[in-house]
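I opened this model to take notes on its elements, its core and its ligand shell. The entries follow in the order in which I looked things up.

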Amino acid sequence: REKELIRSEKFKTAGQLAAGMAHEIRNPLTTIKGFLQIFSQQNASTNQINPKYLHLIINEVERIERIINEFLYISKSVKKESVNLNSLLQDLLMFCEPRAFQQKVILQRELADNLPLVELVPEQVKQVFLNLIQNALESMPAGGELKISSQWLPDANLIEVKVSDTGFGMTEETLAQLGTPFFTTKPDGHGLGLMLTYQLVELWGGKIQVKSAPGQGSTFSIFIPCSQ
Ligand code: ADP
Ligand code: MG
């Protein structure tokens with residue numbers, strides 16, 4: 001049984017997003033503050049800082065940095081270019097090949113050769129598909145198949161890019177929460193990848209369609225409007 005979810009504009013307000021971001025940044029900040037307080041007390045006597053603690057602080061700062069970078073991608077003030085989606089997808093797949101090989105995941109591509117160029121920010125496009133590919137790989141820890149296909153739909157003037165995996169799939173509850181900031185089912189997940197993906201595709205005027213069921217893999221279809 002396959003469940004389908006089509007979403008274009010089911011959205012969280014900017015306020016919700018800001019609240020989530022503030023919440024997520026507060027934890028590492030509390031940790032950093034705690035260490036600094038310990039240092040300021042110890043330092044007077046020993047004049048030494050344990051490098052182990054410095055390392056932890058740097059980790060926490062990097063976590064904050066990562067959260068802020070993810071949110072910055074959403075900003076509109078970045079430069080658009082004519083993007084050849086196929087060559088961009090080829091590059092991404094090549095980048096993921098070593099990890100796929102390690103995980104015994106077979107990469108398949110079915111890229112149409114008649115895609116029109118699209119006017120988009122290349123970094124945003126990379127980010128969108130990298131998030132989908134990463135999630136697909138993470139859903140197949142014991143191997144499987146990751147397939148990327150592209151297709152031009154001339155009547156709708158859309159390009160459809162599909163990312164499918166044969167991984168563990170998603171429950172209805174998970175499907176309903178996709179794109180919500182900080183939603184994750186992974187012990188070490190951040191829940192920012194799909195939030196960003198949904199935000200960016202919406203910014204392009206596109207749509208995301210998801211088909212998935214537990215044990216039956218997942219397919220994310222991204223519909224991107226062509227400018228011409
Ligand atoms: P993260 O990967 O850090 O958990 P994401 O926003 O990328 O955050 O994904 C949110 C959640 O959506 C994941 O934790 C997982 O439950 C679910 N998910 C996304 N993509 C897939 C997929 N291809 N297969 C199974 N579950 C997925
Ligand atoms: Mg992810």
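**Entry 1: Lys104 and the loop it sits in**

I looked up Lys104 and found it in the loop between H3 and E3. Helices (H or I, at least four residues) and strands (E, at least two) are DSSP runs, numbered from the N terminus. The model is predicted, and local features need pLDDT of at least 70, side-chain atom pairs count only at pLDDT 80 or more, while totals for chains, interfaces and linings use all residues. Residues are numbered from 1 along each chain as its sequence is written, and chains are lettered from A and ligands numbered from 1 in the order in which they are written.

Lys104 has a positive phi of about 60° although it is not a glycine. As background, I noted that most residues other than glycine have a negative phi. Lys104 is exposed, because 11 other C-beta atoms lie within 10 Å. The cut-offs are 20 or more other C-beta atoms within 10 Å for buried, 12 or fewer for exposed, and partly exposed in between, with C-beta atoms placed from the backbone.

**Entry 2: other loops**

I found Asn157 in the loop between E5 and E6. Its phi is near 55°, a positive value in a residue other than glycine. Asn157 counts as exposed, with 12 other C-beta atoms within 10 Å.

Gly205 is in the loop between H6 and strand E7 (207–212). Gly205 is exposed, with 12 other C-beta atoms within 10 Å. From C-alpha to C-alpha, Gly205 and Pro225 are 6.7 Å apart in space and 20 residues apart in sequence.

Pro116 belongs to the loop between E3 and E4. Pro116 is partly exposed, because it has 14 C-beta neighbours inside 10 Å. I also took its distance to Glu24: 40 Å, C-alpha to C-alpha, across 92 residues of sequence.

**Entry 3: overall layout**

I counted 6 helices and 8 strands in the protein. Along the sequence the pattern reads β-α-α-β-α-β-β-α-β-β-α-α-β-β. Of the 228 residues in the protein, 25% are buried. Among contacts with a separation of 6 or more, 76% join residues 24 or more positions apart. Two residues are in contact if their C-beta atoms, placed from the backbone, lie within 7 Å.

**Entry 4: helix H3**

Helix H3 covers residues 85–102. Its 18 residues should span 26 Å at 1.5 Å a residue, and its end C-alpha atoms are 26 Å apart, so the two agree. The expected span is 1.5 Å times one less than the number of residues.

Where does H3 bend? I found a bend of about 45° at Cys96, with a proline, Pro98, following within four residues. The bend is the angle between axes fitted to the seven residues ending at a residue and the seven starting there.

The buried residues of H3 are Leu85, Leu89, Cys96 and Ala100. Their cover includes strand E2 (81–83), strand E4 (118–120), H4 and strand E6 (158–165).

**Entry 5: Val105**

Val105 is in strand E3. Val105 is buried, because 24 other C-beta atoms lie within 10 Å. Leaving aside neighbours within four places in sequence, its contacts include Ala100, Leu137 and Met140. Val105 and Val121 are 16 residues apart in sequence, yet 29 Å apart in space, C-alpha to C-alpha.

The 17 residues of H4 should span 24 Å at 1.5 Å a residue, and the end C-alpha atoms are 24 Å apart, which agrees. Buried residues of H4 include Val128, Phe129, Ile133, Asn135 and Leu137.

The largest nonpolar core has 35 residues, of which Ile133, Leu137 and Val163 touch the most other members. Elements giving two or more residues to this core include H3, H4, H6 and strand E8 (218–225). H4 gives the largest share, 7 residues. Such a core is a set of buried Ala, Val, Leu, Ile, Met, Phe, Trp, Tyr and Cys residues joined through C-beta atoms within 7 Å.

Beyond four places in sequence, Ile133 is in contact with Leu92, Cys96, Leu146 and Val163.

**Entry 6: ligand 1**

Which residues are closest to ligand 1? Of the 23 that surround ligand 1, the closest are Asn135, Thr184, Gly189, Gly193 and Leu194. A residue is near a molecule if its C-beta atom, placed from the backbone, lies within 6 Å of it. Helix H4 (122–138) and helix H6 (193–203) each supply at least two residues of this shell. By class, the shell has 8 nonpolar, 13 polar and 2 charged residues. Here Ala, Val, Leu, Ile, Met, Phe, Trp, Tyr, Cys and Pro count as nonpolar, Asp, Glu, Lys and Arg as charged, and the others, Gly among them, as polar.
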